[in-house]
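Please read these notes with the model open beside them. They are numbered so that each point can be checked on its own.

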Amino acid sequence: MQQAVSTAVPTHKAAASHADMANAIRALAMDAVQKANSGHPGMPMGMADVATVLFSRFLKFDPQNAAWPDRDRFVLSAGHGSMLLYALLYLTGYPDMTLDELKNFRQIGSRTAGHPEFGHAGGIETTTGPLGQGIATAVGMALAERMLAAQFGDALVSHYTYVIAGDGCLMEGISHEAISLAGHLRLGKLIVLFDDNEISIDGPTSLSVSDDQLARFRASNWAVTRVDGHDPEAVAAAIAAAQNSDRPSLIACRTVIGYGAPTKAGTAATHGSPLGAEEIKGTREKLGWPHAPFEIPDAVLKAWRETGTAGAAKSKAWQGVLDGLSAEQRADWTRRISGDLPAAFEKTMAEYKAKLVADRPKWATRKSSQMALEAINPVVPETIGGSADLTGSNNTKTAGLAPVKPGDFGGRYMYYGVREHGMAAAMNGIALHGGLIPYGGTFLVFTDYCRPSIRLSALMEQRVIYVMTHDSIGLGEDGPTHQPVEHLAALRAIPNLLVLRPADAVETAEAWQVALQQKHRPSVLALTRQDLPALRITDSAENLVAKGGYELLAAEGGKAKVTLLATGSEVSIAAAARDLLQKDGIATRLVSMPSFELFNERPEAEQEEVLGPDTVRIAVEAGMRQGWDRYLGTRGGFVGMTGFGASGPYDQLYRHFGITPEGIAEAARKRL
């Protein structure tokens, strides 16, 4: 495409033009990348015109009230072009995005990380970097907007979710899951601006793809158009049309990567490397931008800052709408946005747990999870359930949850379809949006499919709850492809992720209580397919799962010689092993370890007391050994899996792999 570059030189007296404002973004991007000697200048330079139109004419935001709940959401899915976002935040006047932060691009401790990091500065709505995550997360944001509007009304909740995505985002498989779900639900307030520059790191995209992206989106029920991304009026007309669509919109903006660079524009050379001093000098000449690095003329900065202050009146008007609600509605909204749980939650859980202790149900923990949700969902109206096409297996739907349907967002249950990765990313978006608490289910083995999104839940400190059932060889006949032998260890390796593997109905209820109380941490509930006996048969006002590990059964007949440590379905097997050892006169304790993470947060002295000083320690889990050794001491052992599982009835599989009371008892005897 032939570049139509501006030769106008902004002055301190003349009003800034669109070209002036867009060139300010280009200059800041190339200067920051050059100073850091690292980064991606091409995308910000190519999409500067589109971003200028979006921010100056359409986006509803208030830099002085960055967390305003009814702001439009802007997601930079092509996160490598982070300087586009940082430049916009500085130019529009976000207080925590200063010129010094731009000068410290990609440096330790700066707000301007190599890819946008949620929490580093106002206006960064989500962490992007892994391509495709942004567009998939935005689907959850747009979904949350419509669901909250259905609950509180359009007067309080009515905003758009805008995404800038690149070729790489659309190549990633998660994008298919995301656009399919969004199109099915008819999320009309989701607008994707596609940086259609036909360049990736390796070179022209023709090296690897020949997809007709517009046809692809049309097939997924999106409204689609293509514009010249360097024609501001064409971009503006397309966005205006998209705002009035009852379907999600894709606007393919044909752009030139590295726009303005005299020899590198339109090539992969601008994608992921500094332009270099000579090319930057030539770019300044070609764009008519004679200013020093990081220097923005007063007229241009004034125009941008006026764009930033324009949203203050809308923010104030929205506050008036909130103040006009009934006291009950206003309190409910404020509580939800703050992330606090309802006052009735603790009492509800205490009463429910007491009933479980009295009834002693012998449920699979997936059933225990469903029954806990039957108690939770009526008193926590912000929970949003779902499953990746395994509702009947995950037991994630309760009696009071109506499904969300295309164009009808009054329900609280999502049928995500066979889209594990898209589900996880959408739940991140729901959590980031605020006001709702998402939980969604699939089989534990398929955490591999959604691991990148789970990792981002943890990195962004979001309260997303993953209900992962069929958690071991206990699922039986489906065989080793579905038996998650290594997945508990892999999930426990993710920082800030809470992995909860309860042993019975009471522990499952406590696990749900713990997960919901985590404002800044996601949780995985690893739940069984097979029925389990009731182990917690005395009521405890204290949430013992919150301790991470605790003595379930004390040694009898003297000082303990053996401590058995187990999680989930293996706690009952270990209890039977304890009985065998006690019969032999070997005083044995049983410790339930539902959460390594919570246990590790306790003081070392408490940990050691629970683990049993001077005892032989045997860990039992139908998974791999990784992670257990820190608890076993010098005479410890492990009874579990050493390889993949097999297909067969679950009880026979436990015997086949030696995870039996007899095997556990023998492992202890050998170490005495």
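1. Strand 3 sends Leu-190, Val-192, Phe-194 and Asp-196 to one side and Ile-191, Leu-193 and Asp-195 to the other, all of them buried. Buried means under 20% relative accessible area, exposed over 50%, and partly exposed in between, with a 1.4 Å probe and protein chains only. In a regular strand the side chains alternate between the two faces of the sheet. Strand 3 covers residues 190-196, and seven of the seven are buried, so it is largely enclosed by the rest of the structure.

2. On the basis of these notes: this is a predicted model, in which local features need pLDDT of at least 70 and side-chain atom pairs count only at pLDDT 80 or more, while totals for chains, interfaces and linings use all residues. Residues are numbered from 1 along each chain as its sequence is written, and side-chain values use heavy atoms, with hydrogens and water left out. Helices (H or I, at least four residues) and strands (E, at least two) are DSSP runs numbered from the N terminus.

3. Strand 3 has parallel pairing with strand 2 (residues 161-166) over six bridges, and Ile-164 stands opposite Leu-193. Strand 3 also pairs in the parallel sense with strand 7 (residues 249-254), again over six bridges; here Asp-196 stands opposite Arg-254. Two strands count as paired if DSSP finds at least two bridges between them.

4. An open sheet of six strands, paired in parallel, has the order 9-8-10-11-13-12. Strand 9 (413-415) and strand 12 (498-500) are at the edges with a single partner strand each, so one side of each has no neighbour in the sheet. Strand 10 (residues 437-443) and strand 11 (residues 465-469) are joined by five bridges, with Gly-440 opposite Tyr-466.

5. How do helix 21 and helix 25 pack? Helix 21 (residues 570-583) and helix 25 (residues 661-671) have axes 8 Å apart at an angle of about 55 degrees. Axes are lines fitted to C-alpha atoms, for helices over the stretch in contact, and angles run from 0 to 180 degrees between N-to-C directions. That makes helix 21 oblique to helix 25 (under 35 degrees is roughly parallel, over 145 roughly antiparallel, 65 to 115 roughly perpendicular, and the rest oblique).

6. Val-514 lies in helix 20 (residues 505-517) and is buried, with a relative accessible area of 2%. Leaving aside neighbours within four places in sequence, Val-514 is in contact (heavy atoms within 4.5 Å) with Leu-498, Leu-500, Asn-543, Val-545, Ala-546 and Leu-598.
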